Amino acid sequence: MTLLLIGLLGGFITGISPCILPVLPVIFLSGGVQSARPEFSKDPVNALREKVGAGIPSAVARRAATATLPQPDLPDEPQLIPRSSGLRPYLVILGLVLSFSVFTLFGTLIIQALHLPDDLIRWIGLIVLVLLGIGLIVPRFESILEKPFSWIPQRAVGTDRGGFVLGIVLGAVYVPCAGPVLAAITVAGATGRIGLQTVALTLSFAIGTAIPLLFFALAGRRVGERLRSFRKHQRVIRTVSGVVMIALAVALTFNLTDAIQRAIPDYTAAVNSFIEHTTPQGLAAGAGVAGALASCQASASENLQNCGAAPAFTGIQSWQNTPSDTPLTLKGLRGKVVLVDFWAYSCINCQREIAHVDAWYSAYRDLGFEVVGVHTPEYAFEHDPANVASGAKRLGIQYPIAIDNDYGTWNAYGNNSWPAAYLVDAKGNVRHVAIGEGNYGGEESLIRQLITKARPGVTLPKATDVPDTSPTNPSQTPETYLGTQRAEGYAGPTSYADGTRTFAMPKTVPQDRYGLGGTWTLAGESITAKGGSSITLHYDASKVYLDVGGSGTLTVTQGSTPSATSATTFKVSGAPDIYTVVSSSSPKRGTVTIQLSPRLAAYSFTFG
């Protein structure tokens, strides 16, 4: 019930958010005004066609009308006016939320299974949207579109049934703001973690989104029925609807809708923040595993718990740091205390945690303690086992590493965070779950308790003494992704979409945001310097890290204006890795400008 309420609220907020604005004209006209009932014509041919349906041929209508009525001076081409039963607004919204839900949950899995381009569904939707728009403007073209459906009675793209088709197409191209609920659904779909609770959350989200959209469509129909001019000029309404559809397709193709969303303040941000900070555990548990393990994930207990049997290592591609890289199993590790640690090698949060995990492994591995670092990639480049091995070597990791490229073990644990640690006792039961950073002293204390219980009388060494560098600044800038798939902090006048373009650096960069200058090639996960390329970031942190790869140099200067006299240069080579571009002894607010030589690819900023 909690997940259903969260889904409804999250969907409703999305349905009234700024990102829905570009779609509203199509819903208002094609889903609303176009469904208004027209006035019957005094022309007997038109009147008969209006009562029976626009699908009846003109010649048939003419013969039927003139058989019992005096023959008037009939026009050669009677006006085509589609008949509506009033269901069109409901069918448009039903098609939209249904197709959007299906594509969100299963689109990624289908595309990956068929090895197709990631944006194939969107491009098909845009093409069909243009075709539907042309069909509304040119009736003869509309009849060509209808021919494949000639076996369906009363066929017509412009009738109620066509409304459902239009809704399906809009669902394929409609990309709403990724609030906390939609983010949970998207991750579930991308990782294949789709269960009954995820489906329920998705359906409730879709219903919540449908409520404001349906209200807007019905408002359009009401306007069409109240205003006489709308009822009399259905041909004009159809033409205008077609033009608006084509305009929407063009705007989405060239990402012009981004400018609309940037120009309008996100008036739903506060509500989304409330959802995210009051119910994140519920969302995680709903999208992940159920039972005792989910309860331990959602709790903040610092004591040993009974979280049930530890899930087995599932779908592991390969192993590193084991004898001859042989696989490990929890059954084979029975009798040892095991820490299952989820990480990604370019994740700065994971790197800070690994310093503690590696110290525990060195101190306790001869006393029946084992660590298994489950490497689950966050970026595409992290799928490469060679990159993982290089990253592990740089971090000094000695314990076994499981390459979880298919998210098999991630899904088995219902995990939703980097880093995340699951402490397993000697009997194979999960006794503690640690999500994120911090509380390393408490976590080590639990490890020592379980070792002592498994080996009574054992003499433990002194507890490790590794400084905790977890951020404590409450206003610290959040992790900032640079690729177009998850970009949130961009501030600038140039459209932020896939492709190569030249950017103009804004005069001022707002707090916790960044601007670009020079020429860049933008892609889903990264941005690549092409010439004169620079990033200016306004941050609040002690340390600023840039995840970057390729071969070249970074030139870093403090402030928004690069200065050759105070610049620091870093050499970059090899697989993407984290480079420290700002380092201070205490948190501060500041601006840093980074110039990247051509062909360097930047992925994200992280902070400490």
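Me: Starting with D425 and R431: are they buried or exposed?
Reply: Both D425 and R431 are buried. Keep in mind that this is a predicted model.

Me: What do their side chains do with each other?
Reply: The side chains of D425 and R431 meet in a salt bridge, at 3.3 Å from N to O.

Me: How many salt bridges does the structure hold?
Reply: Two salt bridges are found in the structure. Besides the one between D425 and R431, there is one where the side chains of R589 and D540 meet, at 3.4 Å from N to O. That R589–D540 pair links distant parts of the chain: R589 sits in strand β13 (residues 577–596) and D540 in strand β10, 49 residues apart.

Me: And R589, buried or exposed?
Reply: R589 is exposed, since its relative accessible area is 60%.

Me: What about D540, buried or exposed?
Reply: D540 is buried, because its relative accessible area is 5% and buried means under 20%.

Me: OK, let's zoom out. How many helices and strands are there?
Reply: The chain has 20 helices and 14 strands.

Me: What percentage of the residues is buried?
Reply: Of the 608 residues in the chain, 49% are buried.

Me: And how much accessible surface does the chain have?
Reply: The accessible surface comes to about 27500 Å², and carbon and sulfur atoms account for 60% of that.

Me: What about contacts between residues at least 6 apart in sequence: what share joins residues at least 24 apart?
Reply: That share is 75% in this chain.

Me: Switching to sheets. In what order do the six strands of the open sheet come?
Reply: The order is β1-β4-β3-β2-β5-β6, and the pairing is mixed. The edge strands are β1 (318–320) and β6 (430–435), each of which pairs on one side only. Ignoring direction, neighbouring strands in this sheet are turned by 20° against each other on average.

Me: Tell me about β5. Why does β5 count as largely enclosed?
Reply: Because five of the five residues of β5 are buried, the strand is largely enclosed by the rest of the structure.

Me: Which way do the residues of β5 point?
Reply: A420, Y422 and V424 point one way from β5, while A421 and L423 point the other way. All of them are buried.

Me: How does β5 pair with β2?
Reply: Strand β2 (residues 337–343) and strand β5 (residues 420–424) run antiparallel and are joined by five bridges. As one example to look for, L339 stands opposite L423 in β5.

Me: And how do β5 and β6 pair?
Reply: β5 and β6 pair in the antiparallel sense, over five bridges. V424 has V430 as its bridge partner in β6.

Me: What's in the hairpin of β5 and β6?
Reply: Five residues lie between the strands, and in that hairpin G428 takes a positive phi near 95°.

Me: New strand: how many residues of β9 are buried?
Reply: Seven of the nine residues of strand β9 (residues 514–522) are buried, which leaves the strand mostly covered.

Me: How is β8 joined to β9?
Reply: Strand β8 (residues 499–503) runs antiparallel to β9, and five bridges join the two. There, F503 stands opposite G518 in β9.

Me: And how many bridges join β9 to β10?
Reply: Eight bridges join β9 to strand β10 (residues 527–549), and these two run antiparallel. If you look at W520, its bridge partner in β10 is A529. A hairpin of four residues joins β9 to β10.

Me: Last topic, the surface. Which residues form the nonpolar patch?
Reply: The nonpolar patch on the surface is formed by M1, L4, L5, L8, F12, I16, I207 and I211, with about 730 Å² of accessible area together. The elements giving two or more residues to the patch are α1 (2–15) and α10 (196–226).

Me: Which element gives the largest share?
Reply: α1 does, with four residues of the nonpolar patch.

Me: Where is M1, then?
Reply: M1 is in the segment before α1.

Me: Why does M1 count as exposed?
Reply: M1 counts as exposed because its relative accessibility is 70%, and exposed means over 50%.

Methods:
Residues are numbered from 1 along each chain as its sequence is written. This is a predicted model: local features need pLDDT of at least 70, side-chain atom pairs count only at pLDDT 80 or more; totals for chains, interfaces and linings use all residues. Side-chain values use heavy atoms; hydrogens and water are left out. Buried means under 20% relative accessible area, exposed over 50%, partly exposed in between (1.4 Å probe, protein chains only). Contact means heavy atoms within 4.5 Å. Accessible areas come from the Shrake-Rupley method with a 1.4 Å probe; for residues, only the protein chains shown count as cover. Two strands pair if DSSP finds at least two bridges between them. Axes are lines fitted to C-alpha atoms, for helices over the stretch in contact, and angles run from 0 to 180 degrees between N-to-C directions. Patches are made of residues with over 30% relative accessible area and no salt bridge: like charges are joined within 9 Å, nonpolar side chains (Val, Leu, Ile, Met, Phe, Trp, Tyr) within 5 Å. A salt bridge is a side-chain nitrogen of Lys or Arg within 4 Å of a carboxyl oxygen of Asp or Glu.
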